[in-house]
Amino acid sequence: IGLLIERGHRHIAGIFVYDNYQSIEKFQGTAAAMQKRGVEFQDDYIKWCVSNEAHDQRFARSIDRFLKGLPKYTAIVCCNYMIYRLVRRVLEEQGKRVPEDIQLIGFDDVMISTVTTPQITTIHQPVEEMAELCVEYITKSLKNEPVPQKIVLPVRLVQRGTTVLKTEI
């Protein structure tokens, strides 16, 4: 998010899933990062959906109406790859180019992020470390040993083609 704001983006749209704890955390982190940099996530620039909608053609039409209803936006944050895929299709149908017209950031840094064109700029989460900690804490819990209630691991931005500066194109 910092990258987008540093590049002058002030009208950033976001699409999140409200029945998914991880997506809610992604929204909260995105909103906090924006606020820290002096940019508010405007309510009408946020679209919420339920998990099963991300596979639905009707949701693509809903995204189309959402984006057409925004007075101006220059970037979109997508909470997962399924949302990203729908957003890309809608933008193409609207005649908008990524990253030339709209810049996109996703989450999770899944392998598919590197095989799309352009490759997806994404927030990388340390999945292997998360899995190792889960196994460790489950094992401790089974032995009635104390485990932390909450763990926060660092994330990092992996910049790829969906946020290339216009001068870099």
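Which elements do the buried residues of α4 pack against?

**Before selecting.** The model is predicted: local features need pLDDT of at least 70, side-chain atom pairs count only at pLDDT 80 or more, and totals for chains, interfaces and linings use all residues. Residues are numbered from 1 along each chain as its sequence is written, and side-chain values use heavy atoms, with hydrogens and water left out.

**Select the whole chain.** Colour by secondary structure to see 5 helices and 6 strands, in the order α-β-α-β-α-β-α-β-β-α-β. Helices (H or I, at least four residues) and strands (E, at least two) are DSSP runs, numbered from the N terminus. The C-alpha trace spans about 60 × 35 × 35 Å along its principal axes.

**Colour by burial.** Of the 169 residues, 42% are buried, meaning under 20% relative accessible area with a 1.4 Å probe, protein chains only.

**Select residues 81-93.** This is helix α4, with 13 residues. At 1.5 Å a residue it should span 18 Å, and its end C-alpha atoms are 18 Å apart, which agrees; the expected span is 1.5 Å times one less than the number of residues.

**Show the side chains of α4.** Its buried residues are Ile83, Tyr84, Leu86, Val87, Arg88, Val90 and Leu91. An α-helix has 3.6 residues a turn, so residues three or four places apart point the same way.

The buried residues of α4 pack against β1 (12-17), β2 (46-49), α3 (57-69), β3 (75-78) and β4 (103-107). Contact here means heavy atoms within 4.5 Å.

How values were computed
Buried means under 20% relative accessible area, exposed over 50%, partly exposed in between (1.4 Å probe, protein chains only).
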